[in-house]
Amino acid sequence: MFRITRPLLQSVTKKTTGIVGLAVHQNPLPELSNTYNSTLSVLASIPPTSVYRQGVEALTKHKLTIVQGANGDIASVEKQLDEGQIEESLDIAKDELKLAENMLEWRAWEPLEEKPLPGQWEYFGNTSSPTSS
């Protein structure tokens, strides 16, 4: 009496991300692992005292641990990373890798070439300013 239709028996394969310009990646987890490892490799060239390196390195290691511990379960990775679809996580990882490469090129951890003008780094609402009452 009950009939099982063919689509229910086939494995579900994602055809689209539903996001314009973001294609479905056929094997995203190895790509994500490689991107995280590449980012960590670039970060190793930045001094360990750099706040940027410390923050991004900790976050990237955490994300890599999630990917490696998922045993190929994309849904689990998506849920734990909480960045949307796995393709979005891959885009974010590639952007972070590019930024790390730029930070290395810019040598952003070095002191400024010119001393900032007085008050340049003070913002509205800064209660530590001597002029506030």
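This section describes the fold, the helix packing, the salt bridges and selected residues of the protein.

The model is predicted, so local features are given only at pLDDT of at least 70 and side-chain atom pairs only at pLDDT 80 or more, while totals for chains, interfaces and linings use all residues. Residues are numbered from 1 along each chain as its sequence is written, and side-chain values use heavy atoms, with hydrogens and water left out.

The secondary structure consists of five helices and zero strands, in the order α-α-α-α-α from the N terminus. Helices (H or I, at least four residues) and strands (E, at least two) are DSSP runs, numbered from the N terminus. Of the 133 residues, 29% count as buried. Buried means under 20% relative accessible area, exposed over 50%, and partly exposed in between (1.4 Å probe, protein chains only). Accessible areas come from the Shrake-Rupley method with a 1.4 Å probe; for residues, only the protein chains shown count as cover. Among contacts (heavy atoms within 4.5 Å) with a separation of 6 or more, 63% are between residues 24 or more positions apart.

Helix α2 (28-43) has 16 residues, which at 1.5 Å a residue should span 22 Å; its end C-alpha atoms are 22 Å apart, in agreement. The expected span is 1.5 Å times one less than the number of residues in the helix. The buried residues of α2 are Pro28, Leu29, Leu32, Ser33, Thr35, Tyr36, Thr39, Leu40, Val42 and Leu43. These buried residues pack against α3, α4 (74-81) and α5.

Ile66 is buried at 8% relative accessibility. Not counting residues up to four places away in sequence, Ile66 touches Val77, Gln80 and Leu81. The C-alpha atoms of Ile66 and Gln80 are separated by 7.1 Å, with the two residues 14 apart along the chain.

Five salt bridges are found in the whole structure. A salt bridge is a side-chain nitrogen of Lys or Arg within 4 Å of a carboxyl oxygen of Asp or Glu. One of them joins the side chains of Glu87 and Lys14 (2.7 Å, N to O). Glu87 lies in helix α5 and Lys14 in the loop between α1 and α2, so the pair ties together parts that are 73 residues apart in sequence. Glu87 is buried at 3% relative accessibility, whereas Lys14 is partly exposed at 34%.

Lys94 forms a salt bridge with Glu31, the closest N and O atoms being 3.9 Å apart. Because Lys94 lies in helix α5 and Glu31 in helix α2, this pair ties together parts that are 63 residues apart in sequence. Lys94 is partly exposed at 39% relative accessibility, and Glu31 is partly exposed at 27%.

A further salt bridge links the side chains of Glu57 and Arg53 (3.4 Å, N to O). Both residues lie in helix α3, four residues apart, about one turn of the helix. Glu57 and Arg53 are both buried, Glu57 with a relative accessible area of 18%. Apart from residues up to four places away in sequence, Glu57 touches Leu40 and Leu43.

Thr17 lies in the loop between α1 (6-9) and α2 and is buried, with a relative accessible area of 7%. A polar atom of the Thr17 side chain lies 2.5 Å from the backbone oxygen of Leu22. With neighbours within four places in sequence left aside, Thr17 is in contact with Leu22, Ala23, Val24, Gln85 and Glu87.

Asn71, in the loop between α3 and α4, has a positive phi of about 50° although it is not a glycine. Asn71 is exposed, with a relative accessible area of 74%. Arg107, in the segment after α5, has a positive phi near 55° and is partly exposed at 41% relative accessibility.

Leu112, Trp121 and Tyr123 make a nonpolar surface patch of about 410 Å². Patches are made of residues with over 30% relative accessible area and no salt bridge: like charges are joined within 9 Å, and nonpolar side chains (Val, Leu, Ile, Met, Phe, Trp, Tyr) within 5 Å. Tyr123 is in the segment after α5 (86-106) and is exposed at 57% relative accessibility.

How values were computed: A polar contact is a pair of N or O atoms within 3.5 Å; within protein, one must be able to donate a hydrogen and the other to accept it, and residues adjacent in sequence count only if both atoms are side-chain atoms.
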